[in-house]
Amino acid sequence: MSSLREIKDRIGSVRGTLKITSAMKLVASAKLRKAQRTIESLLPYEQELDSILHSLLSSGNSPRHNPCPPSDTSEGGTRKIQVPEGDAGDCGRDGEKRSGTEGLLGESCPRSEVNAVVVISSNSSLCGGFNANVVKKALEVINGSEGAVEVIAVGRKAAEAMKKAGFAQNADYSDVIGHPEYEKSAALARGLMERFNAGELGRVVLVYNHFVNGATQTPVAETYLPFSYEPEVPETELPEDLIIEPEREEILKTLLPQVITLKFHTAILDSAAAEHAARTMAMQTATDNAEDLLSELTLEYNKGRQQKITAEILDLLGGAAK
């Protein structure tokens, strides 16, 4: 059995650790509440923009010239809108033309076979299986992808894991998740959209932990680009008394990139909330374990102390008998 001195030192060490885990739990809880308020204030705006976009995309439109080769516009429930002739940008490597909106929705213009996988993790540890789960999910997506894969790690833990897996990182995006702000997220999202429109990327997938509740965070993989949607009523017409100014195509050219950028920022905030929730649970578990260990050590210390006192009393009684 350990000496009383060793047990007493261990008790002091566990008590110090208990204070640290309790403080970290309180900090993570405060950050989680702040992240939840941020998401709750953003969701109504995102939902309204998404509703407007879906209404415009679902509305029937007259046939127009499509500068790209024809494709099945109803495949997978995803419609590719037509754009006016002359309102187009670079189609990519073959020199043909397409609009930025047309490219974001996806069409049959030639594209690179490179798929980009954006992995969103945390910058620090002590959050249970948060980072391990998202890295495992990312590796599943990478192994299941056809063609070359480019990995973009947002967060130090993801960057370290992807580097070990053989995917070098050309840029550091740890600040995007460390201090989530719309401009930081938007800058990265715009870069992905530009490369996708230029034909450098064939597909962009987001892999992150989705915040379900304080006890559950689920790793998910979502197709970020090309943008697709499920129309509630196919080929619907906008109300006749609804005035669209400027033209529908002009609105889509501005609204679609904005919705896609906001979707990326929402994923960043979702992952940040999941991280704080996972850290709160991890610190709660560590605190509970520390309290249990402290109780066991205190009991062991009291037993050892009682045995020592009993032995000393017996020695005194033995000496007095002589």
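Modeller: **The salt bridges**

The side chains of Asp175 and Lys184 meet in a salt bridge, at 2.7 Å from N to O, where a salt bridge is a side-chain nitrogen of Lys or Arg within 4 Å of a carboxyl oxygen of Asp or Glu. This is a predicted model, in which local features need pLDDT of at least 70 and side-chain atom pairs count only at pLDDT 80 or more, while totals for chains, interfaces and linings use all residues. Residues are numbered from 1 along each chain as its sequence is written, and side-chain values use heavy atoms, with hydrogens and water left out.

Asp175 is partly exposed because its relative accessible area is 38%, and Lys184 is likewise partly exposed, at 23%; buried means under 20% relative accessible area, exposed over 50%, and partly exposed in between (1.4 Å probe, protein chains only).

The structure holds six salt bridges. Among them is the one between Lys157 and Glu160, whose closest N and O atoms are 4.0 Å apart. Both residues lie in helix H4, three residues apart, about one turn of the helix; helices are DSSP runs (H or I, at least four residues), numbered from the N terminus. Lys157 counts as partly exposed because its relative accessibility is 24%, and Glu160 is also partly exposed, with 43%.

Another salt bridge joins Arg248 to Glu249, with 3.8 Å between the closest N and O atoms. Here Arg248 is buried, since its relative accessible area is 9%, and Glu249 counts as buried at 9%. Finally, salt bridges that share partners join Glu150, Arg195 and Glu200 into one network.

Methods. Helix = DSSP H or I, 4+ residues; strand = E, 2+ residues; numbered from the N terminus.
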